[in-house]
Amino acid sequence: MKNSSFETLLQDLKISFRFASKNVISYVLAMIGVLIVAGILMAIVAAAIMVPVILAWGIEPMTQFFVSLGQNWSTLQGAALFGWVMFLAIPLLGPFFVALGALFGMAREIVESDGTTAEGVFVWYRKKFLSLAGGGVVLFLVCVMPIALMSIWALTVTGGWMLGLPMAATAAFAVVWFVMTAGMLSMLFPGIIDGLSVLGAVKQSVRLSRHYFDQVFGTWLSYIAVFFLLSALTVVLIPIGVIASLVLVFLGLPAMTIGLTRVYLILTGNPEATETTEDEGPDVRFVGGV
Amino acid sequence: MTEPVRVEPMKDLEVVTDPQVIRVLLEPVRSDIVFKYLVNGSMTVKQLADALGKNPGTILHHIEALKKAGLVVQERTQLTSTGIVQRYYRATAREFRLGISEMIQAEGGIARFAKDRFKSIVSSLSVYGMEIPEFQAEQATELLRNLIERENAVSSRIPVLDAESYNRLPPSVRGDVSRIMRRFALEEDSQYRNLREKWHDFLRSHRTGGIKNE
């Protein structure tokens with residue numbers, strides 16, 4: 001059950017897409033709903049940051065500040081650059097990380113009990129908000145941030161025009177880094193949904209990806225392949241592309257959450273009952289309570 | 001390969017003293033999950049959802065809260081032919097008793113619940129012909145509370161010398177053996193005997209009819 005082969009991966013892929021298509025209406029409604037909530041929250045977060053700043057400084061100095069920040073962006077380096085990207089990206093993207101994580105909650109309901117509802121996503125969104133946001137921040141910092149920093153650094157070094165070998169090297173680094181780190185953390189959201197803390201889920205994910213490398217990375221790479229195929233169709237064939245992009249968002253993404261959650265539940269399961277009892281007749285008690 | 005998760009054997013009796021855990025158990029759906037079903041054997045989220053007429057997602061959230069409180073554990077995992085990964089959950093003990101002192105000392109609803117329950121028990125004894133007047137209700141509650149607390153303390157610390165064989169016993173035999181030993185341990189405890197005698201004297205003095213075994 002915990003070993004992987006091409007056939008197993010294909011079977012897992014089929015099962016996840018079957019579950020995703022069976023629950024497609026719930027997923028579509030949930031994704032639309034949760035994106036609206038995430039958008040509203042993002043606006044609230046932005047307002048919570050901007051309104052006090054505007055009240056304290058006024059609109060004019062703040063506009064000048066952002067204009068100068070934009071002009072000096074390419075000269076920012078090291079800690080300053082890191083700080084600004086963190087400051088701007090994380091609070092704004094937080095609600096979307098939670099939205100993505102909440103889809104794993106729906107997946108858990110499907111994989112464990114064969115059913116979910118669109119409103120179920122909001123319960124996960126609310127109950128696991130901080131943990132899922134924390135998990136999203138970890139994913140962002142580990143998987144995306146180094147790529148973003150390296151790209152900015154490469155653009156700075158090449159004077160804003162990155163072509164040829166530097167571009168190829170940066171792109172190759174970005175792909176390998178993202179695939180490896182995101183694969184290693186692919187059990188992060190299922191772990192958080194399973195009740196682990198962010199740190200506990202990170203440890204669990206890394207542990208599982210090390211011990212069951214073929215199963216975890218095999219599953220992760222199979223979804224990357226499916227996404228690549230659907231993305232290619234989206235770009236190359238325009239009429240089919242529209243359908244492909246819808247399939248990618250409303251079927252591919254749910255299938256991935258289902259597939260990864262399923263792998264998590266299989267790998268963290270304990271198939272052998274440790275408590276074996278001697279065989280006996282019906283469960284009838286002779287001695288009454290005290 | 002990682003080590004398989006070792007599931008602790010089911011305890012025979014657990015006295016819940018943490019007010020937070022008591023609070024978790026006093027929620028009606030959670031108490032049904034534990035007391036009606038999971039103390040008797042392991043069940044999946046789907047089975048619990050069907051039995052309780054609730055959404056599986058709702059049951060999953062309750063199970064998570066119960067797991068966090070240490071009242072429920074994941075026992076085993078089974079992969080079905082349709083691809084569902086069923087997890088079987090069971091209670092960590094066959095019987096749970098709530099710590100009376102901790103409940104009385106807890107804040108808000110729990111203390112009120114415990115006091116009301118005692119009041120109700122004492123007044124309900126009248127159906128057996130035990131007429132306890134209102135002004136002695138407090139005394140009755142105190143006597144009963146001390147007796148139950150001592151019983152819980154003694155019953156929950158009976159040592160099992162051969163845990164491996166104990167865990168292999170069929171549930172019904174294990175239950176019978178445990179009850180016999182609990183009775184024995186209580187009879188051996190002088191403090192319990194003393195408290196029981198006080199309580200029985202109190203009951204005798206308020207008996208207006210009913211049981212007469214002599």
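**Helix H9(A)**

Reply: The buried residues of H9(A) are Ala201(A), Val202(A), Gln204(A), Ser205(A), Leu208(A) and Ser209(A). These residues lie on the same side of H9(A) because they span an arc of only 165° around the axis, the arc being taken from the directions that lead from the helix axis to the C-beta atoms. An α-helix has 3.6 residues a turn, so residues three or four places apart point the same way. On the face turned away from the buried side, H9(A) carries the exposed residues Leu199(A) and Arg210(A). Buried here requires 20 or more other C-beta atoms within 10 Å of a residue's own, exposed means 12 or fewer, and partly exposed covers what is in between, with C-beta atoms placed from the backbone.

The model is a predicted one, in which local features need pLDDT of at least 70 and side-chain atom pairs count only at pLDDT 80 or more, while totals for chains, interfaces and linings use all residues. Residues are numbered from 1 along each chain as its sequence is written, and chains are lettered from A and ligands numbered from 1 in the order in which they are written.

H9(A) covers residues 198–211, which is 14 residues. From first C-alpha to last it reaches 20 Å, close to the expected 20 Å at 1.5 Å a residue; the expectation is 1.5 Å times one less than the number of residues. Chain A has eleven helices and zero strands, where helices are DSSP runs of H or I with at least four residues and strands are runs of E with at least two, numbered from the N terminus. Of the 290 residues of chain A, 30% count as buried.

Leaving out residues up to four places away in sequence, Ala102(A) touches Val34(A), Val121(A), Trp124(A), Tyr125(A) and Leu132(A). Contact between two residues means that their C-beta atoms, placed from the backbone, lie within 7 Å. Among contacts in chain A between residues at least 6 apart in sequence, 73% join residues at least 24 apart.
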